[in-house]
Structures are given as structure tokens and as C-alpha cells.
Amino acid sequence: LKLYSISLLSGYFLFFKFSDQVLSITPQTQEQVDTLRNVSTHYEVVLWQPVSNEYISTQVQVHLYVPGNTSSHISFQVNHLCLHVYFRVLLANPNVLTEMQMKNDSTDPRSGSTFYERYHTLEEIYDWINRTAQDNPRTVKAILIGSSYEKRPLYVLKVKPNRKAMWIDCGIHAREWISPAFCLWFVHHSLSFYQQNSEITRILDSMDVYVLPVMNPDGYKYTWTIKRRWWRKNRSISKSGFCVGVDLNRNFDVDWGIKGSSQNPCEEINCGPFPESEPEAQAVANFLRRHKDTVQLYITIHSYSQMFIFPYSYTFDQAENHNDLLEMVQEAAQRIKRYYRNTYTYGPGAATLYPCSGGSDDWAYKLGIKYSFTFELQDRGEYGFLLPPSHISGACNEALLAVKTIAVKVLEKT
Ligand code: ARG
Ligand code: ZN
């Protein structure tokens, strides 16, 4: 496919030498697949999508972060690949975008953005948790459910007391910054629009809402440090001491360690030494086990790709209430299309995304939480993990509409 011009190509060569880039490459042959798999294992190159190179295959769109100073044999391979296959420069200047995400212009009175339209450091999020609980003593409670590997507290916010409940966790994967931003957005919206917006009022009047804004604080903090923006896992040190990090969304006790996960601690999708080996996963699992009689709805927030996923991911079998789950995400996607003109795909995880065991959604489902979802928020790869602050409100409002749509439907069914 010759969809690029020579000048574009030479521009690419030039550019590539000096600055970092995110490329989108869709391999057409097995040889190209192999090259991409090989390139992506190079320590400086970061695979944005798919999550692990085992999922790279022909016709799969691969998003690759390539730093400007990559060693010449790697850039040669990438250049060579780009000569023979259709590729696109997804982001010509990720550094500028990274700075934009980290810039805290709260000190600048001219910036029109609110607190909720910026990304926040872990410290700022902890501050916000305390303040939110203090300022709303009757409606909000901060519950300590455990601590991370590096001993940071895991706080869950409980909004309003009731007999039914729902749970939302954010930030299970460190680099997906829009996820914690959504949890803050969601709590803020719930508190501000209670008794104004009919759906949120109905939800809060009949359900406890538990929100864990940052499930992986160590990883999140790490992504705010220089050159570590692409970190995904937690920060636990493996027994061999060789590599760091377990993918918390592979660490749950559901067909653990079988599909789409790796026992190798150096891999992005490392499932850890045993199920619930990680304090973060264990804290969430313990809390949900204790509250499984009230919690009817489980939602976990990720990015990116604009998808609503429901069980199962660990098997291609159909969930017992498959049709209910499908109807819920379908309605959420339709409403988003109508209000925001944006497309979300949806379906059971294994068939829609990829087969994968040890995920929190499947685990919660098997615990008895019959309405269990993974949301993948904006975007579809235009900015990927570098979604600019100006897109936070759009991304969060869409996800909010989906949460409300699904929660109201759950209330009708239970
Ligand atoms: N992007 C998420 C992940 O790879 C999707 C999770 C979907 N659910 C699942 N159980 N795999 O962790
Ligand atoms: Zn994720």
C-alpha cells in the first residue's frame, strides 16, 4: 500500500532523528509482524497498543512510541518497515503533549480550566480526597481499604449511605491518566448535581457509591517522574529482583496466569507470582468480598480505545446474563453517539478485545456482582495516553453518561 509520498517519507527520516514520535503501523506480512515484535522489545521503544507484542499480528494497528535517540539499528528497522507498509505518524511531538499534561496552570488565573479539567499529581489527589470528605461530612466518607506495595494508603470514597451499592475504581494502570481524572470528575459531579440532575439523584438515593480514585498509586506517582510516563504496572519488586511491576489487572483469582498474561516479571502483562499477590489487588478483593451482598455494579476505568467491555474475558463462554449486559452497554453507546457524536464499541471482553485471564471485571462477576464492566475511555489513538487536558471534560462527560445509563438500568433490574 503506497499511501505516502516520497517527501513525507524523507520528512519522516529527518524528523525521526531529532524528536520522539508515536507511529501507527499496520503490518501486512508475517515478516513485518516479526520485525515489529522484535523492535517493540527494545527497552526504549514503548508499545502503546496492543498491550503486549503477542497480540501483534497482520492487520492489527500497532501504536509505537519511538524516542528520537533510539539506537541506529532500531531506527533502521523502523524506517525499513515504514518503507514497506502503510504507516502514519500518530504524534509528531509527544514531548510537548507530555508537558501539557503535567503543566499545572492552577496558578495562572487566565487559564479557564477548572480543577477537574487538569491532571493531578498523586499528592494533589490525596489532598482532594481529604478535602472532599471534610467538606461533605454527611454525604462523603473516606475509607482506608489497604495500602500499596510502597505503603501508600488506598482510600475509597463512599458517597451516601444505602442498601444497594456500586463500585468504581480508577487508575489500575498507571499511564492511563484519564482514568483517575474521571473518578474525581464523577465524585464532583455527583456532589454538585445531586438533587439537580434526575439520574444522579435517583442513583444516590438508592445506592452507596464507592469510588477508588487511584488503585495503583505507586505506579501513578512513577508516571509523573521524568521518562516514566509509559509505566503501566504497580511497583512491586519481583522475587528474583530482576524486574519491577505486576499488572494488577492480571492478578485477580480468575483463571489466573492462563491467557493474555505472563509469569515473567519483566513483561507488561505480568500476572505476579500467585493470585492476589499484590496488596492493591488484595485490598480491592477483600473490600468487595466484604460488601458483595450490597454491591450490584462493578465498573473499572481504563483507557484508551472507547470500549465498553463485560464478562467474560478469560473465556469465550457467554455470561449467564449476557443479554442484559449487552443491552446496557448498547444503550450507553447509543446515548453517547446521540449527545456527543462519538463512537464506542462494546461486547464481551474475549471476543471484543482479547482473551485474558486474571482481570478484575471477570473476578467481580464471579464473586456475584452480576453487572460488571471495564470502560476504555477516550480516545481511539489520536492522542492515546497523551490525551490533552482540554479533552478531559469531553472524555469524562461521555463516561459519566455511560455510568448513569448503566446504573439506572441496574436499579431497574435489581
Ligand atoms: N485494557 C484492559 C487490560 O488489558 C482490558 C481489560 C478487559 N478485561 C479483562 N478481564 N481483560 O487490562
Ligand atoms: Zn488499562
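User: How far apart are the end C-alpha atoms of helix α13, and what span should its 22 residues have?

Analyst: This is a predicted model, in which local features need pLDDT of at least 70, side-chain atom pairs count only at pLDDT 80 or more, and totals for chains, interfaces and linings use all residues. Residues are numbered from 1 along each chain as its sequence is written, while chains are lettered from A and ligands numbered from 1 in the order in which they are written. Helices (H or I, at least four residues) and strands (E, at least two) are DSSP runs, numbered from the N terminus. The expected span of a helix is 1.5 Å times one less than its number of residues, so residues 392-413 of α13 should span 32 Å, and this agrees with the distance between the end C-alpha atoms, 31 Å.

User: Is Ile-406 buried or exposed?

Analyst: Ile-406 is in helix α13. A residue is buried if 20 or more other C-beta atoms lie within 10 Å of its own, exposed if 12 or fewer, and partly exposed in between, with C-beta atoms placed from the backbone. Ile-406 has 24 C-beta neighbours inside 10 Å, so the class is buried.

User: Which charged residues are among the buried residues of α13?

Analyst: Asp, Glu, Lys and Arg count as charged; Ala, Val, Leu, Ile, Met, Phe, Trp, Tyr, Cys and Pro as nonpolar; and the others, Gly among them, as polar. The buried residues of α13 include Ile-392, Ala-395, Cys-396 and Val-410. Also among them, and charged by that scheme, are Glu-398 and Lys-404.

User: At what angle do α7 and α13 pack, and how is that orientation classed?

Analyst: Axes are lines fitted to C-alpha atoms, for helices over the stretch in contact, and angles run from 0 to 180 degrees between N-to-C directions. Helix α7 (residues 198-206) has its axis 10 Å from that of α13, at an angle of about 50°. Angles under 35 degrees count as roughly parallel, over 145 as roughly antiparallel, 65 to 115 as roughly perpendicular and the rest as oblique. The class for α7 and α13 is therefore oblique.

User: Which residues around ligand 1 are charged?

Analyst: A residue is near a molecule if its C-beta atom, placed from the backbone, lies within 6 Å of it. The shell of ligand 1 has 4 nonpolar, 6 polar and 2 charged residues. Val-51, Asn-249, His-302 and Ser-313 are among the residues that surround the ligand.

User: What separates the C-alpha atoms of Ala-350 and Ser-313?

Analyst: Ala-350 lies in helix α11 (residues 349-352) and is buried, with 21 other C-beta atoms within 10 Å. Ser-313 is 37 residues away along the chain, yet the C-alpha separation is 4.1 Å.

User: Where is the cis peptide bond that ends at Pro-50, and what is its omega?

Analyst: Pro-50 is in the loop between β2 (46-49) and β3 (62-66). The cis bond runs from Gln-49 to Pro-50, with omega near -5°.

User: What is phi of Gln-59, and is the residue buried or exposed?

Analyst: Gln-59 is in the loop between β2 and β3. Although Gln-59 is not a glycine, its phi is positive, about 70°. With 8 other C-beta atoms within 10 Å, Gln-59 is exposed.

User: Where is Lys-227, and what is its phi?

Analyst: Lys-227 is placed in the loop between α8 (217-223) and α9 (279-290). Lys-227 counts as exposed because 9 C-beta neighbours lie inside 10 Å. Its phi is positive in a residue other than glycine, near 70°.
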